[in-house]
Amino acid sequence: MKKGFILCMILIASIGALNAFDYSYFPTATTDDFLATKVNPAALGFGNATGVGYLHSFQDKHMQKNWAFFLNLKNLGYCYEKMDSTELHTLSGGSKLAKNIYFGTDYVWKPAGFWKGDWGLYFLTRPWDFLSIAGSWRNISKENESYTMGFGLRPIRVKGRFCYKISLTCDATYSNKEWRKPIVGIQTQFLNGIHLNGYYDFENEGISVGVGFDISHFKTGAQYSNKSKSGMVYGNISGKRFHSFLTHDKQNKFYNYKLSGAVYDIQPVQKFGPIEIVSSSGNTMEEIIEKVKTLKKDDRIKGIVFQSGNLSAGLAKFQELQDAFIDFKSTGKKIVFYYDYITNSNYVFASSIADKIYLNPGGILDLRGISASMPYIKGLLDTLGIDVIRFQSHAYKNAANMFTETHMTEAEREMYEDFLSDLYAQMVLMISEGRGMTDEQVRTAIDNGPYLLAERALEAGLVDGLIYRDQLEDTLKVLYEDVQITQRYKISENRLDWSDDPTAKVAVIYATGNIHSGKSIPGKSIGDETYMKAVEQARKDPSIKGIILRIDSGGGSSLASENIYREVFLCKKGDNPKPVVSSFSGVAASGGYYIACPSDKIFAEPTSVTGSIGVIAAVPNLTRLFEKIHVNWDNVKEGRNADFASMYRPMSDEEKKMITESVSAEYKDFVGHVAKSRGMTYEEVDAVGKGRVWTGTKGLEYGLIDAYGGMKEAVAEIKKLANIQKEIELVAYPKSKSAFTINLSMDTHDMTLNDLPRDIRILIERIQESTFYNEGRILYLMPYIMPEILE
C-alpha cells in the first residue's frame, strides 16, 4: 500500500510538468528501457526493455490527445501511437549478434497503409563499460531517409569499474542531405531510483530536462522542452526490477530448493531430425553449482532448505557438490534438510553440509553402509546351451565374469574388498566431519542401521529433531530469527553495466556412457565419430584456448577408445598446441581412463572410480543351444578363417590363440600409452594395472591422477596452463545444430526400465551394454559396479 501510494503521488506530480512524440531527446546509445522500441530497437537485445509502457504528451501545461502504448517482449517490441487524427504502429526486433554487439530493425505503418510502411535498421555496441556506440538508418529507400550516430560515455570510475551514476551523450543526424548540429546531454542517477537529465540541441538551440523515478518494477517520469514548451509523461511496468533506494526486500529468507532426481553432467538428449528432446526430470551439475553461486551472492538469502528430495548421484558427484555448498556456507549462510525418507548416499551428502537435519517422526533413515552384489548367470546359460568364452588380460579384468562364472572369483573379491574399503572410509569421513562425530561413532551408527524408527536416528545423533513438515518454518524462525521460506531466489534486475567482461573461451567436451564406434547418444553413450569430431573442432578453433574433458565412462570398445585417444593426443601437437585437462565425474575407468591419458592434468574426487587398465574379450558360442533346438548349420567358404569365431561351431585352439595374443598386445599398448602420458615406467603402470579398479584416493597415490577436484579445479588449471588472464567462458562441444529443443517433465526413455525390479533391470542393462560393441570383440571395459556401491 505504501509503495502504491508513493507511485501514485509521483505520477500525479509528473503530470503538469514534449509536441507529440519527439524522441530525439532520448539518446540512441543509452536508451535501453521500454523506449528502445522507438529510439533504438537494437537495444531490445540488451535485455532491459521487457514490459509495458505508456506515454502522454502535453503542451503549455495542458494534456493533449496524443499518447503511445508499448508492449515489449525479450527481443520483440510493439508500439501504438495516437497523435490527433494520426495513428502509427511500430513493430521492432533486436538481438545480440556477438558479445557486446546488438542489431535491430523496425517497421512503421499507418492502419490504412501497411505495405507502404517504413523500414529501419539499427546498431548498438558496448565494447567497454564506459562506452556505448549506436547507429540508425531510418526510412530506408525513402526520400526522407535519415542516419543517426550516437555515443554514450561514462567518465567516472569507482572501485575499478566505470560507474553508471553519470553518462554523457551525443547524437548527430544526417537528413535532407545535410548533417544537423548535434544534441548533447548528461544523464545522472546519483541516488538509485532517481534520474535527472538535461540535453542541449545545438540545431534548434533548445534545452530539454527530465526527471524519473524507479520503484521496484515501476518507472515513471517526465521530459520537458523549453523551445516548444511541450513534453511528455511516461509510466513503465518492467519485466525486471529497477535498482532503487525505495525498494526494500525482506532480508532474512531461506530458499526452498526443490532438488531431486538424477544428477547429470549433461542431460540425455534424443534427436528427431532438427528437434532435440531433453529430459528435464533431473539436474545437471553445472545448473546446481551455478544456482548455489547465485544464492551465495544474494544478500536476501540467508540459507537453503531442502525438503524430502533424494538425489540419484554417485558419491563422487556428491563430493563435488559438497565443495560448492561448503563455499556457500563460507559467507555465514545456513543449510537445513527435512526428510520423510532419506537414502543411504543422500544422508552421507546431507550430513556433510547441513547445519540441521530434521526427520519426520514416522520417517526412515536408510543408512546401511555399502555392499557389492553381483549376479552370475553361467548356470542359466549352461541350461540353455550357451557358452561364453572369456579372454582377459588379467584375473582382475572381470567384466565378463557374470557370463562365465557361477560365483565371485577370489580376484574379484579381493578387488571389491579393497575398493569398498576406500569408499567406506570416505563415507565415514564425510559424516564424521559434518556431524562432529568420531570415526568409531559413525561406524557404529552405520552398523546399527537402517533406522526404520525415527526415534533411533535421533538417539544416535544422526538427525537434529523429529518434526512434521508444517512445523519446519516455525522451527527455523526460532533458530534463525524470524526467517521466511521462499520459492523465489533470483529476481531479474535491470542491468546497469554496459558490457560483458572480456572472456577467454575454453571447450568442454562431455564423455558420458559406454564408448563405441559411430555416433554418440548425447548424455548416454560416447561414439568415437562424434567425439573425435568435437575434439578436432575444438583444437582447430583459434578462439578456443584450452579443452576440458568431463568424463563419466567405464570404457567400451578398444578401437573407439584408441581413435579418441589419438584425437586428444593431437591437441598437444602442431603449430598451435592446446592444453587439455580431464575432470573425472563418477567413473573414468578402462577406456574412460585411456581417453584421458594424453591430458596435461587429471582431476578426480576421492570416490571417483578409475584405473581398470586392462583388456577383455568375450565370444558367445551357441553350438549346444543349436543342438538342443535341432538347428543344423552347413558352411561353404573361401579362406581358411572366413568363418572366424562363428557361434554355430566350437572355437578352435588356433582361434583362441589369436584372440589371446590380441588381448595381450592390446594390454601392452594400453600400459605403454599410460606410462608415456603419465611420465611413468611400464613397470610402474603394470603394477597398478592388471585390470584393477581403484578409487580416486588410490589413483592419486599411484600417480593415475594429479589432484583431487572437479570442474572448478579443472577450469582453474586450464586457466593456468593456457596463461589466461581473463574470465573463462565454457563452450560445450560438439555444438548443437538442432533448430528446436523440447524439455520434457519425465525421462521417457528410461521410465519402463526403471520400473522393473532392480535385479531384473541389472541383467537387462548388462545385455543392452553388449550391443554397443558390434564392431569388435576387444574391449577396454571396467568390471560391472553395482549402482548401490556408488549411489
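# Reading the terms in a predicted model

Guide: In this predicted model, the axes of helix α8 (residues 410-435) and α9 come within 9 Å and cross at roughly 110°.

Visitor: Why is α8 called roughly perpendicular to α9?

Guide: The two axes cross at roughly 110°, and because angles of 65 to 115 degrees count as roughly perpendicular, α8 is placed in that class relative to α9. The contact is made by Tyr424, Ala425, Met427, Val428, Ile431 and Ser432 on the α8 side, and by Asp439, Val442, Arg443, Ile446 and Asp447 on the α9 side.

Visitor: What makes α12 and α13 roughly parallel to each other?

Guide: Helix α12 (residues 528-540) and helix α13 (residues 558-569) have axes that come within 9 Å and cross at roughly 0°; since angles under 35 degrees count as roughly parallel, the pair is therefore described as roughly parallel. In this contact α12 contributes Asp528, Tyr531, Met532, Val535, Glu536 and Arg539, while α13 contributes Ala560, Asn563, Ile564, Glu567 and Val568.

Visitor: How do you know that valine 568 is buried?

Guide: Valine 568, which is found in helix α13, has a relative accessible area of 1%, and because buried means under 20%, valine 568 is counted as buried. Leaving aside neighbours within four places in sequence, valine 568 is in contact with Val535, Leu549, Val580, Ile595 and Pro598.

Visitor: Why does tyrosine 780 count as buried?

Guide: The relative accessibility of tyrosine 780 is 0%, and since the limit for buried is under 20%, tyrosine 780 counts as buried.

Visitor: What makes the pair of aspartate 265 and lysine 317 a salt bridge?

Guide: The closest N and O atoms of aspartate 265 and lysine 317 are 3.9 Å apart, and because a salt bridge needs a side-chain nitrogen of Lys or Arg within 4 Å of a carboxyl oxygen of Asp or Glu, the pair qualifies as a salt bridge. The pair links distant parts of the chain, 52 residues apart, with aspartate 265 in the loop between β19 (261-264) and β20 (269-272) and lysine 317 in helix α4 (residues 315-329). Aspartate 265 is buried at 8% relative accessibility, and lysine 317 is buried with a relative accessible area of 7%. Both residues belong to a network of salt bridges that also links Glu320, Arg550 and Asp552.

Visitor: How do you know that arginine 649 forms a salt bridge with aspartate 643, and what distance applies to arginine 649 and glutamate 655?

Guide: For arginine 649 and aspartate 643 the closest N and O atoms are 3.2 Å apart, whereas the side chains of arginine 649 and glutamate 655 meet at 2.6 Å, N to O. Because the cut-off is within 4 Å, the contact with aspartate 643 is a salt bridge, and so is the contact with glutamate 655. Aspartate 643 counts as buried at 9% relative accessibility, and glutamate 655 is buried at 3%. By this rule the count of salt bridges comes to 35.

Visitor: Why is asparagine 176 called exposed?

Guide: Asparagine 176 has a relative accessible area of 62%, and because exposed means over 50%, asparagine 176 is called exposed. Asparagine 176 sits in the loop between β11 (166-175) and β12 (178-179), and has a positive phi of about 50° although it is not a glycine.

Visitor: What makes asparagine 723 exposed?

Guide: The relative accessible area of asparagine 723 is 58%, and since the limit is over 50%, asparagine 723 is exposed. Asparagine 723 lies in the loop between α19 (711-721) and β41, with a positive phi of about 55° although it is not a glycine.

Visitor: Why is tyrosine 147 called partly exposed?

Guide: Tyrosine 147, in strand β8 (residues 146-153), has a relative accessible area of 30%; because buried means under 20% and exposed over 50%, with partly exposed in between, tyrosine 147 is called partly exposed. Tyr147 also belongs to a nonpolar surface patch with Leu97, Phe103, Leu121 and Trp137, and together the patch has about 430 Å² of accessible area.

Key. Residues are numbered from 1 along each chain as its sequence is written. This is a predicted model: local features need pLDDT of at least 70, side-chain atom pairs count only at pLDDT 80 or more; totals for chains, interfaces and linings use all residues. Side-chain values use heavy atoms; hydrogens and water are left out. Patches are made of residues with over 30% relative accessible area and no salt bridge: like charges are joined within 9 Å, nonpolar side chains (Val, Leu, Ile, Met, Phe, Trp, Tyr) within 5 Å. Accessible areas come from the Shrake-Rupley method with a 1.4 Å probe; for residues, only the protein chains shown count as cover. Helices (H or I, at least four residues) and strands (E, at least two) are DSSP runs, numbered from the N terminus. Buried means under 20% relative accessible area, exposed over 50%, partly exposed in between (1.4 Å probe, protein chains only). Axes are lines fitted to C-alpha atoms, for helices over the stretch in contact, and angles run from 0 to 180 degrees between N-to-C directions. Angles under 35 degrees count as roughly parallel, over 145 as roughly antiparallel, 65 to 115 as roughly perpendicular and the rest as oblique. Contact means heavy atoms within 4.5 Å.
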